[in-house]
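Subject: Structure for your attention

Dear colleague,

My notes on what was found in it follow directly after.

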Number of protein chains: 2
Amino acid sequence: MDIDLAVRQLAALAQQTRLAIFKSLVVAGADGIGAGELASRALIAPNALSFHAKELRHAGLIRSDIRGRSVIYFAELDTMRALVAYLLENCCVGFDVQ
Amino acid sequence: MDIDLAVRQLAALAQQTRLAIFKSLVVAGADGIGAGELASRALIAPNALSFHAKELRHAGLIRSDIRGRSVIYFAELDTMRALVAYLLENCCVGFDVQ
DNA sequence: CCTATATTTCAATAATCGTTGAAATATTGA
DNA sequence: TCAATATTTCAACGATTATTGAAATATAGG
């Protein structure tokens with residue numbers, strides 16, 4: 001993990017709507033959530049959802065599968081865990097979780 | 001930790017210069033680093049350092065002490081740890097560190 | 001007190017980001 | 001095939017952010 005990648009991923013999460021979307025996807029787990037459902041949960045228009053999802057996808061934090069005429073999004077937990085590991089190693093100094 | 005605070009802190013870290021500054025301050029620990037030294041390390045003008053430091057300070061991620069005509073900055077590790085704890089609890093799902 | 005040093009504030013500009021509406025693309029089912 | 005549904009793309013706009021230079025503030029030391 002280099003600092004550029006960390007910055008891009010932090011930037012993707014550093015926005016109300018996107019962090020909320022990502023949290024929803026984490027909770028949803030392997031089921032994922034469809035684009036329409038995500039948009040209505042976030043109270044944003046479908047095209048706005050598409051915009052924010054693209055940001056998260058470009059940062060590697062989510063992925064999408066097309067099913068019929070729907071798109072289902074999933075959190076990429078490994079990416080998120082790598083980011084948190086980076087923060088723990090570089091920015092926390094002896095922070096013992098739990 | 002509410003989502004608004006998390007977003008503000010993530011945004012403060014989601015920028016090359018500021019993440020680098022913060023990492024330097026974490027490494028420096030209790031000694032802190034002066035504003036001039038931070039600016040030259042980051043290859044930015046003093047006023048730019050002042051701008052970015054203010055962003056970090058408003059997010060609660062650093063603090064500053066005035067010593068004579070110098071200003072020394074310190075990482076606020078507790079804030080950072082709280083942010084990482086939030087991410088671990090809400091966005092990582094059973095990520096066991098180490 | 002005056003000058004040099006250290007940092008911040010202010011203003012201007014360019015760049016990036018977020019939102020909105022309209023149009024385009026693709027898939028489903030009648 | 002046609003209409004309806006689901007999502008993305010595109011363009012425009014306003015808002016926020018980052019950078020730069022100039023001026024202001026404050027302290028230290030001669």
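Read from one end of the sequence to the other, chain A runs through the pattern α-α-β-α-α-β-β-α, which amounts to five helices and three strands. Please keep in mind throughout that this is a predicted model, and that the values quoted here are computed from it.

As to the overall dimensions of chain A, its C-alpha trace spans about 45 × 25 × 20 Å along the principal axes. Of the 98 residues in this chain, 31% count as buried. When one considers the contacts in chain A between residues at least 6 apart in sequence, 51% of them join residues at least 24 apart.

Turning to the two protein chains together, the contact between them draws 26 residues from chain A and 26 residues from chain B. On the chain A side, helix H1 (3-13), helix H2 (16-28) and helix H5 (77-91) each contribute at least two residues to the part that touches chain B, and the largest share, eight residues, comes from H5(A). Sorted by class, the residues on that side of chain A comprise 21 nonpolar, three polar and two charged.

The remaining part concerns the DNA. Around DNA strand C there are 24 residues, of which A:Gly68, B:Ala35, B:Gly36, B:Asn47 and B:Ser50 come nearest. The surface near this strand takes at least two residues from each of helix H4 (46-58) of chain A and, in chain B, helix H3 (35-42), helix H4 (46-58) and strand E3 (70-75). Among these elements, H4(B) gives the most to the surface near DNA strand C, with seven residues. By class, that surface near DNA strand C holds 10 nonpolar, 10 polar and four charged residues, whereas the side of chain A that touches chain B has, as noted above, 21 nonpolar, three polar and two charged.

With best regards

How values were computed:
Residues are numbered from 1 along each chain as its sequence is written. Chains are lettered from A and ligands numbered from 1 in the order in which they are written. This is a predicted model: local features need pLDDT of at least 70, side-chain atom pairs count only at pLDDT 80 or more; totals for chains, interfaces and linings use all residues. A residue is near a molecule or strand if its C-beta atom, placed from the backbone, lies within 6 Å of it. Helices (H or I, at least four residues) and strands (E, at least two) are DSSP runs, numbered from the N terminus. Ala, Val, Leu, Ile, Met, Phe, Trp, Tyr, Cys and Pro count as nonpolar, Asp, Glu, Lys and Arg as charged, and the others, Gly among them, as polar. Two residues are in contact if their C-beta atoms, placed from the backbone, lie within 7 Å. A residue is buried if 20 or more other C-beta atoms lie within 10 Å of its own, exposed if 12 or fewer, and partly exposed in between; C-beta atoms are placed from the backbone.
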